[in-house]
Amino acid sequence: MAQRITMAAVARRAGVSPMTVSNVLRGKASVAPELRARVEEAVRETGYRVNVSARTLRSGRSGVIGLLAPGTDSPFSYYGMLRGLIAQEARRHGLSLVTETPEADLLAEVAAVERARTLAYDGLIITPLAMRPEDADLLPAELPVVVLGERPAPTGTAHISLSNQEGMFAATTHLLERGCRSIALLSGDGWPETDPLARRIDGYRDALAAWDGETGEPMLIPVAGLTAQAGREAARDSVDRGLRPDGYVGVTDSVMLGAVRGLADRGLRVPEDALAIGFDGIPEGEFSLPSLSTISPDHRWIARRAVELLQERIEAPAPAELGGLEIRAPFTLVERESTRR
């Protein structure tokens with residue numbers, strides 16, 4: 001039988017103390033980068049694996065965290081991509097990740113949270129589609145929770161959201177700087193005021209207004225949903241109604257990718273006839289034809305910060321007493337073929 005590699009053996013190979021190895025495996029930010037690199041290299045070379053059973057007996061923790069998020073497992077989808085990055089971060093912290101995709105229904109989301117509590121997960125990262133700020137009392141007080149996503153988070157939780165208004169302002173300004181003066185937003189005007197997607201509409205309007213009348217009136221093209229098919233149908237319908245903007249902004253990348261196809265269905269090409277940009281930075285946009293310019297939130301930062309925040313709450317004596325926290329993720333404007341003449 002092969003001898004099990006111990007934390008002490010990893011420490012000897014890296015030339016550090018076992019406590020430093022432990023701190024690296026638990027993702028402690030206090031470890032110097034040079035020491036962290038040595039420990040990570042020693043872990044790879046020795047093939048060390050965290051002994052979850054022993055840790056559970058010592059600490060009362062399972063070493064398992066849960067992720068509740070909607071969507072498909074496809075790495076080309078927004079949530080599929082984010083799930084993969086969170087799984088990487090969990091492994092870096094010596095944690096196992098279990099994922100679940102409940103329906104966009106309050107009872108389904110609450111049931112998924114209750115299963116996580118029953119299965120003794122150490123904590124949860126959730127992207128709720130139905131929970132509201134006033135539903136905080138539905139979350140078990142003893143279960144550390146970090147919330148991701150577009151909707152307002154239950155009161156008192158740590159919440160990482162996107163820079164929706166700022167990002168859409170940057171996307172619209174990008175088209176203006178490239179000569180567009182008649183820019184349509186594929187979104188519609190029906191989002192509730194409390195929905196963060198409404199902030200994207202605000203960012204679009206603000207960017208047009210900032211050009212002091214050099215642009216036309218806001219042109220909102222309604223979409224039936226946040227899917228590529230909805231974007232395709234909306235673009236075809238708009239052309240059939242005689243709308244011919246010289247720039248398009250999609251409320252999401254998926255909507256915009258569908259709209260590019262819909263414009264092609266009507267004989268219009270991007271970027272020759274109009275420029276186009278989306279929002280979300282999903283991998284599919286890099287491989288489309290033309291490749292899609294986008295507002296790309298820093299997904300690796302989101303995954304890393306989410307696991308760090310959850311770890312802090314897991315280790316806190318009284319997680320509920322840490323209170324609520326609102327953080328906006330940074331973003332980058334990625335220019336690709338769809339906004340190059």
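**Figure 1. Lining of the largest cavity in the predicted model.** The residues lining the largest cavity divide into 9 nonpolar, 1 polar and 1 charged; here Ala, Val, Leu, Ile, Met, Phe, Trp, Tyr, Cys and Pro count as nonpolar, Asp, Glu, Lys and Arg as charged, and the others, Gly among them, as polar. The lining consists of Leu68, Ala69, Pro70, Pro102, Glu109, Val113, Ile126, Thr127, Pro128, Leu129 and Met131. About 80 Å³ of space lies inside, and the structure holds 3 cavities of 30 Å³ or more. A cavity is a set of points, on a 1 Å grid over the protein atoms alone, where a 1.4 Å probe fits but cannot get out; lining residues have an atom within 4 Å of a point. Grid points are joined across faces, edges and corners, and a volume is the space filled by probe spheres set on the points. This is a predicted model, in which local features need pLDDT of at least 70 and side-chain atom pairs count only at pLDDT 80 or more, while totals for chains, interfaces and linings use all residues. Residues are numbered from 1 along each chain as its sequence is written, and side-chain values use heavy atoms, with hydrogens and water left out.

Figure 2. Helices (H or I, at least four residues) and strands (E, at least two) are DSSP runs, numbered from the N terminus.

**Figure 3. Threonine 127 in the loop between β3 and β4**. At 7% relative accessibility, Thr127 counts as buried; buried means under 20% relative accessible area, exposed over 50%, and partly exposed in between (1.4 Å probe, protein chains only). Not counting residues up to four places away in sequence, Thr127 touches Leu68, Ala69, Pro70, Tyr79, Leu148 and Gly149, where contact means heavy atoms within 4.5 Å.

**Figure 4. Helix α5 and its packing.** The 15 residues of α5 reach 22 Å from the first C-alpha to the last, close to the 21 Å expected at 1.5 Å a residue; the expected span is 1.5 Å times one less than the number of residues. Tyr78, Gly80, Met81, Leu82, Arg83, Leu85, Ile86, Ala87, Glu89 and Ala90 are buried in this helix. The buried residues of α5 pack against β1 (64-68), β2 (96-100), β3 (123-126), β4 (145-148) and α12. Just after the helix, Gly94 takes a positive phi of about 75°.

**Figure 5. Leucine 82 within helix α5**. Leu82 counts as buried because its relative accessibility is 4%. Leaving aside neighbours within four places in sequence, Leu82 is in contact with Leu148, His299 and Ile302. The C-alpha atoms of Leu82 and Ile282 are separated by 9.5 Å, although the two residues lie 200 residues apart along the chain.

**Figure 6. The largest nonpolar core.** Of the 65 residues in this core, Ile125, Leu148, Ile160, Leu186, Tyr248 and Ile302 touch the most other members. Helix α12 (residues 299-315) gives the most to the core, with 8 residues. A nonpolar core is a set of buried Ala, Val, Leu, Ile, Met, Phe, Trp, Tyr and Cys residues joined through side-chain atoms within 4.5 Å. Beyond its neighbours within four places in sequence, Ile160 is in contact with Val147, Leu148, Gly149, Trp301, Ile302, Arg305, Ala306, Leu309, Ile327 and Ala329. A second, separate core of 14 residues includes Val64, Val113, Ile126 and Ala153.

Figure 7. Leu226 is in the loop between β7 (219-222) and α9 (228-240). With a relative accessible area of 37%, Leu226 is partly exposed. Leu226 and Gly258 are 32 residues apart in sequence and 9.9 Å apart in space, C-alpha to C-alpha. Ser291 is in the loop between α11 (284-287) and β10 (293-297). Ser291 is buried, with a relative accessible area of 9%. Leaving aside neighbours within four places in sequence, Ser291 is in contact with Gly285, Glu286, Arg336, Glu337 and Ser338.

Note on methods:
1 Å grid on protein atoms, 1.4 Å probe; cavity = no way out; pocket = protein on both sides within 12 Å on 5 of 7 lines; lining within 4 Å.
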